Amino acid sequence: MIEPQPRNRWNWGFTPSAENWNGRLAMIGFISAVLLELTTGQGVLHFLGIM
């Protein structure tokens, strides 16, 4: 019997587990940007000094 791969295992390339991690990290980044803007009143680019 073949065991299924764990969904949270880190694999390189376009695999379902890699896409899950990509989505999770994107959600963390987006929420971080929103919280930064709410707390400082400036956008991410202003906070980094780019604009």
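How many helices and strands are in the chain? There are two helices and zero strands. Helices are DSSP runs of H or I with at least four residues, strands are runs of E with at least two, and numbering starts from the N terminus. This is a predicted model, in which local features need pLDDT of at least 70, side-chain atom pairs count only at pLDDT 80 or more, and totals for chains, interfaces and linings use all residues. Residues are numbered from 1 along each chain as its sequence is written, and side-chain values use heavy atoms, without hydrogens and water.

**Helix H1 and its end**
- Helix H1 covers residues 16-40, which is 25 residues.
- The expected span is 1.5 Å times one less than the number of residues.
- Gly-41 follows H1 and has a positive phi, near 80 degrees.

**Surface**
- The accessible surface of the chain is about 4,800 Å², and carbon and sulfur atoms hold 68% of that. Areas come from the Shrake-Rupley method with a 1.4 Å probe.
- Of the 51 residues in the chain, 8% are buried. Buried means under 20% relative accessible area, exposed means over 50%, and partly exposed lies in between.

**Helix H2 and Glu-37**
- Val-44 sits in helix H2 (residues 44-48).
- Val-44 is partly exposed, at 34% relative accessible area.
- Glu-37 belongs to helix H1. Glu-37 is also partly exposed, at 46%.
- Glu-37 and Phe-47 are ten residues apart along the chain, and 8.6 Å separates their C-alpha atoms.

**Ring contacts**
- Arg-24 lies over the face of Trp-21, 5.1 Å from the ring centre. The cut-offs for a charge over a ring are NZ of Lys or CZ of Arg within 6 Å of the ring centre and within 35 degrees of the ring normal.

Methods. Buried means under 20% relative accessible area, exposed over 50%, partly exposed in between (1.4 Å probe, protein chains only).
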